[in-house]
Amino acid sequence: MEDQSEIQKSRVDSYVLTEMTWPEVEEALKTVKMAIVPVGAHEQHGPHMNESCDAVLATEMAKRLAAAMHPQVLVTPTVNMGVSPHHLNFPGTISLRPETLLAVLRDMVVSLQRHGIDKVLFLNGHGGNQATLSLACASFIQELGVACYYAKTTASAKKAMKEHISSTLFGHSCEREVSEAYYLAPHLVRSEQLEKGDIVHGGCWEGLRPGNPLQGFYYYEKMTRNGCIGDATRASHAIGKAIVEEALEELSAALWPLLSETVQAQAEHEDRELAS
(Lines give C-alpha, C1' and ligand atoms only; values in the text may rest on other atoms or scores of the structure.)
Protein backbone atom coordinates (compact mmCIF):
# COMPACT_ATOMS: atom_id res chain seq x y z
CA MET A 1 0.00 0.00 0.00
CA GLU A 2 1.28 3.45 -0.89
CA ASP A 3 2.43 5.53 2.07
CA GLN A 4 -0.32 8.01 3.00
CA SER A 5 2.22 10.73 3.81
CA GLU A 6 3.57 10.49 0.25
CA ILE A 7 0.05 10.77 -1.18
CA GLN A 8 -0.62 13.86 0.94
CA LYS A 9 2.73 15.39 -0.05
CA SER A 10 1.93 14.98 -3.77
CA ARG A 11 -1.37 16.76 -3.24
CA VAL A 12 0.38 19.64 -1.53
CA ASP A 13 3.04 19.88 -4.25
CA SER A 14 0.49 20.23 -7.06
CA TYR A 15 -3.21 20.84 -7.48
CA VAL A 16 -4.90 18.14 -9.61
CA LEU A 17 -8.70 18.39 -9.60
CA THR A 18 -9.27 14.66 -10.11
CA GLU A 19 -7.39 13.99 -6.86
CA MET A 20 -9.00 16.72 -4.70
CA THR A 21 -12.11 17.24 -2.60
CA TRP A 22 -14.17 20.41 -2.95
CA PRO A 23 -12.88 21.92 0.34
CA GLU A 24 -9.33 21.31 -0.90
CA VAL A 25 -10.18 23.01 -4.19
CA GLU A 26 -11.76 25.93 -2.34
CA GLU A 27 -8.54 26.44 -0.40
CA ALA A 28 -6.39 26.08 -3.52
CA LEU A 29 -8.38 28.74 -5.36
CA LYS A 30 -7.00 31.32 -2.95
CA THR A 31 -3.69 31.15 -4.85
CA VAL A 32 -4.53 29.62 -8.23
CA LYS A 33 -4.36 31.99 -11.21
CA MET A 34 -4.43 29.56 -14.13
CA ALA A 35 -5.88 26.18 -15.04
CA ILE A 36 -4.05 23.68 -17.23
CA VAL A 37 -6.37 21.58 -19.38
CA PRO A 38 -4.57 18.51 -20.77
CA VAL A 39 -5.88 17.72 -24.25
CA GLY A 40 -5.06 14.44 -25.94
CA ALA A 41 -6.52 11.92 -28.35
CA HIS A 42 -7.52 8.27 -28.58
CA GLU A 43 -5.88 6.98 -31.74
CA GLN A 44 -3.62 4.31 -33.12
CA HIS A 45 0.08 4.52 -32.26
CA GLY A 46 1.38 1.59 -34.25
CA PRO A 47 2.13 -1.86 -32.85
CA HIS A 48 4.15 -0.65 -29.84
CA MET A 49 2.16 2.09 -28.06
CA ASN A 50 -1.23 2.19 -26.37
CA GLU A 51 -3.93 4.18 -28.13
CA SER A 52 -4.33 6.37 -25.03
CA CYS A 53 -0.78 7.69 -25.52
CA ASP A 54 -1.52 11.35 -26.33
CA ALA A 55 -3.98 11.78 -23.47
CA VAL A 56 -1.72 10.09 -20.92
CA LEU A 57 1.39 12.06 -21.94
CA ALA A 58 -0.54 15.35 -21.86
CA THR A 59 -1.80 14.48 -18.37
CA GLU A 60 1.63 13.60 -17.03
CA MET A 61 3.19 16.75 -18.51
CA ALA A 62 0.41 18.86 -17.02
CA LYS A 63 1.00 17.42 -13.56
CA ARG A 64 4.71 18.13 -13.73
CA LEU A 65 4.13 21.65 -15.01
CA ALA A 66 1.65 22.25 -12.19
CA ALA A 67 4.22 21.06 -9.66
CA ALA A 68 6.80 23.45 -11.12
CA MET A 69 4.35 26.36 -10.86
CA HIS A 70 2.68 25.44 -7.57
CA PRO A 71 0.57 26.95 -5.99
CA GLN A 72 -0.54 29.23 -8.83
CA VAL A 73 -1.88 26.64 -11.28
CA LEU A 74 -4.14 23.60 -11.15
CA VAL A 75 -4.77 20.71 -13.53
CA THR A 76 -8.28 19.90 -14.75
CA PRO A 77 -9.54 16.51 -15.92
CA THR A 78 -8.06 15.49 -19.27
CA VAL A 79 -9.91 15.77 -22.56
CA ASN A 80 -8.86 12.31 -23.70
CA MET A 81 -10.24 12.34 -27.24
CA GLY A 82 -9.35 14.74 -30.01
CA VAL A 83 -9.50 15.51 -33.72
CA SER A 84 -8.10 12.32 -35.29
CA PRO A 85 -9.96 11.57 -38.55
CA HIS A 86 -6.66 10.87 -40.33
CA HIS A 87 -6.17 7.80 -38.11
CA LEU A 88 -9.70 6.36 -38.39
CA ASN A 89 -8.78 3.58 -40.82
CA PHE A 90 -6.65 2.00 -38.08
CA PRO A 91 -8.77 -0.04 -35.62
CA GLY A 92 -9.67 1.57 -32.32
CA THR A 93 -9.26 5.24 -33.17
CA ILE A 94 -12.05 7.50 -31.88
CA SER A 95 -12.24 10.98 -33.37
CA LEU A 96 -14.13 14.13 -32.42
CA ARG A 97 -15.29 16.74 -34.88
CA PRO A 98 -13.51 20.06 -34.34
CA GLU A 99 -16.80 21.66 -33.31
CA THR A 100 -17.32 18.94 -30.69
CA LEU A 101 -13.92 19.53 -29.15
CA LEU A 102 -14.52 23.29 -29.26
CA ALA A 103 -17.85 22.87 -27.45
CA VAL A 104 -16.33 20.69 -24.71
CA LEU A 105 -13.48 23.16 -24.14
CA ARG A 106 -15.88 26.09 -24.04
CA ASP A 107 -18.01 24.42 -21.35
CA MET A 108 -14.91 23.61 -19.33
CA VAL A 109 -13.69 27.21 -19.56
CA VAL A 110 -17.11 28.55 -18.53
CA SER A 111 -17.06 26.22 -15.50
CA LEU A 112 -13.55 27.33 -14.53
CA GLN A 113 -14.55 30.96 -14.92
CA ARG A 114 -17.42 30.38 -12.49
CA HIS A 115 -14.80 29.30 -9.93
CA GLY A 116 -12.81 32.50 -10.47
CA ILE A 117 -10.20 31.27 -12.96
CA ASP A 118 -9.75 33.59 -15.94
CA LYS A 119 -6.56 32.15 -17.47
CA VAL A 120 -6.35 28.72 -19.12
CA LEU A 121 -3.60 26.76 -20.83
CA PHE A 122 -4.60 23.95 -23.20
CA LEU A 123 -1.62 21.59 -22.96
CA ASN A 124 -1.91 19.52 -26.10
CA GLY A 125 -0.53 16.07 -26.79
CA HIS A 126 -1.91 15.66 -30.34
CA GLY A 127 -0.99 17.67 -33.41
CA GLY A 128 -4.43 17.23 -34.96
CA ASN A 129 -5.91 19.41 -32.21
CA GLN A 130 -3.75 22.47 -32.87
CA ALA A 131 -6.05 24.26 -35.34
CA THR A 132 -9.07 23.81 -33.05
CA LEU A 133 -7.13 25.04 -30.02
CA SER A 134 -6.03 28.14 -31.92
CA LEU A 135 -9.66 28.90 -32.72
CA ALA A 136 -10.67 28.24 -29.12
CA CYS A 137 -8.13 30.71 -27.77
CA ALA A 138 -9.14 33.43 -30.21
CA SER A 139 -12.85 32.87 -29.51
CA PHE A 140 -12.87 32.49 -25.74
CA ILE A 141 -10.99 35.71 -24.97
CA GLN A 142 -13.55 37.64 -27.02
CA GLU A 143 -16.71 35.75 -26.06
CA LEU A 144 -15.98 34.88 -22.43
CA GLY A 145 -13.25 37.27 -21.31
CA VAL A 146 -10.99 34.33 -20.43
CA ALA A 147 -7.37 34.47 -21.58
CA CYS A 148 -6.57 31.12 -23.17
CA TYR A 149 -3.29 29.79 -24.49
CA TYR A 150 -2.24 26.54 -26.12
CA ALA A 151 1.03 24.63 -26.40
CA LYS A 152 2.21 21.25 -27.62
CA THR A 153 3.59 19.30 -24.68
CA THR A 154 7.24 19.10 -25.72
CA ALA A 155 7.53 21.17 -28.91
CA SER A 156 9.62 23.78 -27.10
CA ALA A 157 12.42 21.28 -26.32
CA LYS A 158 14.29 22.27 -29.46
CA LYS A 159 17.83 21.72 -28.14
CA ALA A 160 17.16 18.21 -26.89
CA MET A 161 15.40 17.22 -30.08
CA LYS A 162 18.21 18.57 -32.24
CA GLU A 163 20.71 16.61 -30.18
CA HIS A 164 18.84 13.32 -29.89
CA ILE A 165 16.43 12.97 -32.84
CA SER A 166 18.03 12.05 -36.15
CA SER A 167 15.03 10.93 -38.21
CA THR A 168 13.96 13.48 -40.81
CA LEU A 169 10.35 12.28 -40.52
CA PHE A 170 9.21 11.92 -36.91
CA GLY A 171 6.41 12.94 -34.57
CA HIS A 172 4.13 9.92 -34.14
CA SER A 173 5.05 6.75 -32.24
CA CYS A 174 8.65 7.60 -33.09
CA GLU A 175 11.87 7.86 -31.07
CA ARG A 176 10.69 11.17 -29.60
CA GLU A 177 7.26 10.05 -28.46
CA VAL A 178 8.37 6.63 -27.25
CA SER A 179 11.23 8.25 -25.31
CA GLU A 180 8.78 10.65 -23.66
CA ALA A 181 6.63 7.68 -22.70
CA TYR A 182 9.60 5.78 -21.25
CA TYR A 183 10.18 8.78 -18.97
CA LEU A 184 6.59 9.80 -18.18
CA ALA A 185 4.46 6.66 -18.53
CA PRO A 186 6.41 3.51 -19.46
CA HIS A 187 3.29 1.35 -19.32
CA LEU A 188 2.29 2.86 -22.68
CA VAL A 189 5.12 1.11 -24.53
CA ARG A 190 5.43 -2.47 -25.82
CA SER A 191 9.22 -2.51 -25.80
CA GLU A 192 9.45 -5.97 -27.36
CA GLN A 193 7.41 -4.80 -30.37
CA LEU A 194 9.21 -1.56 -31.30
CA GLU A 195 9.25 -0.89 -35.04
CA LYS A 196 10.55 1.76 -37.40
CA GLY A 197 7.97 3.56 -39.46
CA ASP A 198 7.04 1.55 -42.55
CA ILE A 199 6.86 4.58 -44.84
CA VAL A 200 4.94 4.68 -48.13
CA HIS A 201 7.15 6.72 -50.44
CA GLY A 202 5.92 8.69 -53.43
CA GLY A 203 2.46 9.58 -52.12
CA CYS A 204 0.72 12.96 -52.22
CA TRP A 205 1.24 13.24 -48.45
CA GLU A 206 4.88 14.18 -49.07
CA GLY A 207 3.82 17.53 -50.50
CA LEU A 208 1.41 18.27 -47.66
CA ARG A 209 3.69 17.90 -44.66
CA PRO A 210 4.57 20.95 -42.50
CA GLY A 211 7.10 23.22 -44.17
CA ASN A 212 5.72 22.71 -47.67
CA PRO A 213 3.90 25.43 -49.66
CA LEU A 214 0.58 23.55 -49.23
CA GLN A 215 -1.04 21.86 -46.26
CA GLY A 216 -3.98 19.48 -46.49
CA PHE A 217 -5.68 16.35 -45.22
CA TYR A 218 -4.51 12.82 -45.89
CA TYR A 219 -5.16 9.50 -44.21
CA TYR A 220 -2.25 8.22 -42.18
CA GLU A 221 -2.04 4.85 -43.92
CA LYS A 222 -1.15 6.74 -47.09
CA MET A 223 2.09 7.71 -45.32
CA THR A 224 2.86 4.71 -43.11
CA ARG A 225 1.73 1.09 -43.33
CA ASN A 226 2.25 0.33 -39.63
CA GLY A 227 0.99 3.63 -38.21
CA CYS A 228 4.44 4.83 -37.11
CA ILE A 229 6.98 7.28 -38.44
CA GLY A 230 10.57 7.81 -37.34
CA ASP A 231 12.52 5.05 -35.59
CA ALA A 232 11.15 3.97 -32.22
CA THR A 233 13.99 1.46 -31.80
CA ARG A 234 16.27 4.42 -30.95
CA ALA A 235 14.07 5.58 -28.04
CA SER A 236 15.36 5.70 -24.48
CA HIS A 237 14.49 6.91 -21.01
CA ALA A 238 17.45 9.33 -21.12
CA ILE A 239 16.23 10.97 -24.33
CA GLY A 240 12.76 11.28 -22.87
CA LYS A 241 14.10 12.94 -19.75
CA ALA A 242 16.12 15.45 -21.76
CA ILE A 243 13.13 16.41 -23.92
CA VAL A 244 10.58 16.57 -21.11
CA GLU A 245 12.72 18.53 -18.67
CA GLU A 246 13.72 21.12 -21.29
CA ALA A 247 10.08 21.51 -22.33
CA LEU A 248 8.99 22.01 -18.73
CA GLU A 249 11.59 24.73 -18.25
CA GLU A 250 10.56 26.49 -21.46
CA LEU A 251 6.84 26.27 -20.71
CA SER A 252 7.10 27.51 -17.13
CA ALA A 253 9.36 30.38 -18.20
CA ALA A 254 6.79 31.44 -20.80
CA LEU A 255 3.85 31.12 -18.40
CA TRP A 256 5.16 32.93 -15.31
CA PRO A 257 4.84 36.45 -16.82
CA LEU A 258 1.28 35.71 -17.96
CA LEU A 259 0.10 34.99 -14.44
CA SER A 260 0.52 38.62 -13.45
CA GLU A 261 -0.98 40.05 -16.65
CA THR A 262 -4.60 41.16 -16.47
CA VAL A 263 -7.11 39.56 -18.80
CA GLN A 264 -8.05 43.04 -20.04
CA ALA A 265 -4.46 43.59 -21.18
CA GLN A 266 -4.49 40.25 -22.94
CA ALA A 267 -7.80 41.07 -24.65
CA GLU A 268 -6.38 44.38 -25.91
CA HIS A 269 -3.35 42.51 -27.24
CA GLU A 270 -5.63 40.05 -29.07
CA ASP A 271 -7.60 42.92 -30.58
CA ARG A 272 -4.38 44.47 -31.91
CA GLU A 273 -3.33 41.12 -33.37
CA LEU A 274 -6.67 40.69 -35.12
CA ALA A 275 -6.54 44.23 -36.51
CA SER A 276 -3.02 43.84 -37.92
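A quick definition before we dig in: a residue is called buried when its relative accessible area is under 20%, exposed when over 50%, and partly exposed in between. Keep in mind as well that this is a predicted model.

Q: Is S173 buried or exposed, and what is its relative accessible area?
A: S173 belongs to the loop between α6 (158-164) and α7 (175-184). Its backbone has a positive phi of about 50°, although S173 is not a glycine. Most residues other than glycine have a negative phi. Since buried means under 20%, S173 counts as buried, with a relative accessible area of 0%.

Q: How many residues of α7 are buried?
A: Let's list them: the buried residues of α7 are E175, R176, E177, V178, S179, E180, A181, Y182, Y183 and L184. The cover over these buried residues includes α3, α6 and α8. That leaves α7 mostly covered, and the count of buried residues is ten of ten.

Q: Which word describes how α3 and α7 lie to each other: parallel, perpendicular or oblique?
A: The two helices pack with their axes 10 Å apart, at an angle of about 55°. Roughly parallel would need an angle under 35 degrees, and roughly perpendicular would need 65 to 115. So α3 and α7 are oblique.

Q: Is the crossing of α3 and α7 left-handed or right-handed?
A: On the α3 side, C53, D54, L57, E60, M61 and R64 take part, and they meet E177, E180, A181 and L184 in α7. By class, the residues in this contact are five nonpolar, no polar and five charged. As for the hand of the crossing, it is left-handed.

Q: What is the relation between the directions of α3 and α8?
A: Here we look at helix α3 (residues 53-68) and helix α8 (residues 237-259), whose axes come within 10 Å and cross at roughly 55°. The hand of this crossing is right-handed. With that angle, the relation of α3 to α8 is therefore oblique.

Q: Which residues of α8 does α3 meet?
A: From α3, the residues taking part are M61, R64, L65 and A68. The class make-up of the contact is nine nonpolar, one polar and one charged. Over in α8, the partners are V244, A247, L248, L251, S252, L255 and W256.

Q: Where is the cis peptide bond, and what is its omega?
A: Most peptide bonds are trans. The cis one here joins H70 and P71, and P71 sits in the loop between α3 and β3 (73-75). Its omega is about 5°.

Q: Which side chain does the side chain of Q44 join in a polar contact of 3.0 Å?
A: Q44 is in the loop between β2 (34-39) and α3, and at 4% relative accessibility it counts as buried. Leaving aside neighbours within four places in sequence, Q44 touches E51, H87, F90, T93, H172, Y220, N226 and G227. The side chain joined to Q44 by that 3.0 Å polar contact is that of H87.

Q: How far apart in space are Q193 and V244, C-alpha to C-alpha?
A: Q193 is in the loop between α7 and α8 and is partly exposed, with a relative accessible area of 36%. Setting aside neighbours within four places in sequence, Q193 is in contact with P47 and H48. Along the sequence, Q193 and V244 are 51 residues apart, and in space the C-alpha to C-alpha distance is 23 Å.

Conventions. Residues numbered from 1 in each chain as written. Predicted model: local features only at pLDDT ≥ 70, side-chain atom pairs only at ≥ 80, totals over all residues. Heavy atoms only, no water. Axes fitted to C-alpha atoms, helices over the stretch in contact; angles between N-to-C directions. Helix = DSSP H or I, 4+ residues; strand = E, 2+ residues; numbered from the N terminus. Parallel < 35°, antiparallel > 145°, perpendicular 65-115°, else oblique. Left-handed = near helix turned anticlockwise from the far one by under 90°. Contact = heavy atoms within 4.5 Å. Nonpolar A, V, L, I, M, F, W, Y, C, P; charged D, E, K, R; others polar. Buried < 20%, exposed > 50% of the residue type's maximum accessible area, 1.4 Å probe, protein only. Polar contact = N/O pair within 3.5 Å; in protein donor to acceptor, adjacent residues only side chain to side chain.
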